[in-house]
Amino acid sequence: MRRLLIAVALGIPSLSPAATWTLDPAHTSVQFSVRHLMVSTVRGAFGKVTGTVQADEKDVTRSKIQATIDAASIDTRIEKRDMHLKSPEFLDVAKYPTITFVSKKIEQVGPGRFKVIGDLTLHGVTREVSLDVEGPTPEIKDPRGMVRAGAEATTKINRKDFGVTWNQALEAGGVAVGDEVTITIDVEATKETAAGG
């Protein structure tokens, strides 16, 4: 029995090797696109993103991801349009200042490809979404000695599912703003090192 307890105790660290990765806001971006007037696509991005990945290095599917976006950091390169998107007719950033994502399940669907399912909270509404993820890339050490890795995720959501319903009918038929929003997330993260490591 004593030998069994010792074996179990020695095995515990290897059963759940985990590492904390922190999203690098300077090299992480959340971009989106939506149809405008049914003839073109408007693209934009959120400039302020933070988050962490609790990575299980033995089994990536057991990792945990959380991210927070500053809704007011939306940028479509047109100030007047950005102000409209921040208003109560769209994101209502005064009332809902953040957009969050918390993973619930990760499934491997191929080499270096995963499906990450989690809760997206936008405009005060939480819905389950599925992200198609490529990565993570191999770890590299930057010139400052920090360990980095990256990944890319894509998904599509219907903005009406989150209570963002404003629109305007066109005389020729159709509407001013499409309902489907395509989202692309480019992530670069740094690995936290143990104290003294």
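Start by selecting T52 and Q66: T52 stands opposite Q66 in β5. This is a predicted model, where local features need pLDDT of at least 70 and side-chain atom pairs count only at pLDDT 80 or more, while totals for chains, interfaces and linings use all residues. Residues are numbered from 1 along each chain as its sequence is written, and side-chain values use heavy atoms, with hydrogens and water left out.

Now show β4 and all of β5 (residues 64-70), which pair in the antiparallel sense over six bridges. Strands here are DSSP runs of E, at least two residues, numbered from the N terminus; two of them pair if DSSP finds at least two bridges between them.

Next, pick A67, which sits opposite F101 in β7. β5 and β7 are antiparallel too, with five bridges.

Then colour the largest nonpolar core, 39 residues in total, with W21, V30, F46, I99, L120, I157 and I183 having the most contacts inside it. Elements giving it two or more residues include β1 (18-23), β4 (49-56) and β12 (180-191). A core is a set of buried (under 20% relative accessible area, 1.4 Å probe, protein chains only) Ala, Val, Leu, Ile, Met, Phe, Trp, Tyr and Cys residues joined through side-chain atoms within 4.5 Å.

Zoom in on I157. Beyond its neighbours within four places in sequence, I157 is in contact (heavy atoms within 4.5 Å) with residues including L120, F162 and I183.

Last stop: M38, in the loop between β2 (29-36) and β3 (40-46). Is M38 buried or exposed? M38 is exposed (over 50%), at a relative accessible area of 53%.

Conventions
Helices (H or I, at least four residues) and strands (E, at least two) are DSSP runs, numbered from the N terminus.
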